[in-house]
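The sequence and structure come next.

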Amino acid sequence: MIYTITVNPAIDYVVQLPQMTLGSVNRLAHTAKLPGGKGINVSQILNDLEQPNVALGFVGGFTGTFVSEALKAKGLNCRFTKIADDTRINVKIHAEQETELNGAGPDITASEVDAFYQELANLTPDDVVVMSGSLTPSLPDSFYFDIIQKVEAAGANFVIDTTGEALKKTLPSKPLVVKPNNHELAAYYHTTFNSQADIIAAGQRMLAEGAKHVLISMAGDGGLLITPDHVYFSPAPKGQVINSVGAGDSMIGGFVGTFAKTHDAVESFRYGLACGSATAFSEDIATRAKIDEILPLIKIEQLTN
């Protein structure tokens, strides 16, 4: 089983208007209320790939009920932990410029955390736990690391979508895959890249520090997969980028979902790129039809013998 964890989900309240004037009443041209969260995005892609998964996290109040019901309507298998405080609301304003007002998130008590941990009590070596997104202010910075200890004890695999010091702490525990983009990778090693060879060398360093696979997204310049044996490159497929939100989550979902079925890193890379691009070329998280449309456009080249 693949478990996705969205600690701090939200209702994304998306509003559109021609222009926004501060200090005045603004009339909205269009609104939408959507369940949001990085782990939730991963679960949606896993569903599209017909890969069994369970969405975990914390929800509370009428906002949490909305998130749960909206996801169940999409066919997601949700086992969220109920909390007393309300799930947050994020406001996404699309006017002359895009502006986001993101809530910090609810208070989560120690007893609610203990109840959440029960969802991970029966992990097996065949399971994968995907951790994505921000923590709520009430949770300790060590929360993801504490989950990793439970995953390691069960012999299961994990994926964590994070950067900086948080990523550094997880590498010795051997994540199944890490997915920095080229800018995040350069920042991680406090350097700049002058060539693709520089990017590959940094990815191989991350592999040596513990990651089992390193996926590097380079936007319009394509993507790299670094394994213990080889380096692979794929140019970016052609298409109009409509929505970059969730593209990285989709890439993780495509890789992890395919790897769970095939244990083939290159095929998983192919699906990861297709899912990420399909979301980027869509208004929301990609559908299976869009993924299947993009898949034949993904061309992978082995760079090393």
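## Cysteines

A disulfide is a pair of cysteine sulfur atoms within 2.5 Å. By this rule the count is 0 disulfides. The sulfur of C78 has its closest cysteine sulfur in C275, 19 Å away, which is too far for a bond. C78 counts as buried at 14% relative accessibility, and C275 is buried at 0%. Buried means under 20% relative accessible area, exposed over 50%, and partly exposed in between, with a 1.4 Å probe and protein chains only.

## Basis of the model

The model is predicted: local features need pLDDT of at least 70, side-chain atom pairs count only at pLDDT 80 or more, and totals for chains, interfaces and linings use all residues. Residues are numbered from 1 along each chain as its sequence is written, and side-chain values use heavy atoms, with hydrogens and water left out.

## The sheet

Helices (H or I, at least four residues) and strands (E, at least two) are DSSP runs numbered from the N terminus. An open sheet is formed by 5 strands in the order β5-β4-β1-β8-β9, with parallel pairing. Its edge strands, β5 and β9 (157-161), each pair on one side only. Two strands pair if DSSP finds at least two bridges between them; β1 and β4, which run parallel, are joined by 5 bridges. I5 stands opposite L56 in β4.

Helix α2 (residues 61-73) packs on the sheet and touches β4 and β5. Its direction makes about 165 degrees with that of β4. Helix α8 (residues 247-262) also packs on the sheet, touching β1, β8 (128-132) and β9, and its direction makes about 170 degrees with that of β9. Contact means heavy atoms within 4.5 Å. Axes are lines fitted to C-alpha atoms, for helices over the stretch in contact, and angles run from 0 to 180 degrees between N-to-C directions.

In helix α3 (residues 110-117), E112, V113, F116 and Y117 are buried. Seen down the axis of α3, these buried residues fall within an arc of 145 degrees, so they line one face of the helix. The arc is that of the directions from the helix axis to the C-beta atoms. The cover over them includes β1 (2-6), β4 (53-60), β5 (81-83) and α4 (143-154).

The whole structure holds 8 aromatic pairs. Rings of Phe, Tyr and Trp (its six-membered ring) pair if their centres lie within 6.5 Å; planes under 30 degrees apart count as stacked, over 60 as edge-to-face and the rest as tilted. F116 and F143 form a tilted pair, 5.9 Å centre to centre with 40 degrees between the planes. F116 is in helix α3 and F143 in helix α4, 27 residues apart. Ring pairs link F58, F116, Y117, F143 and Y144 into a cluster.
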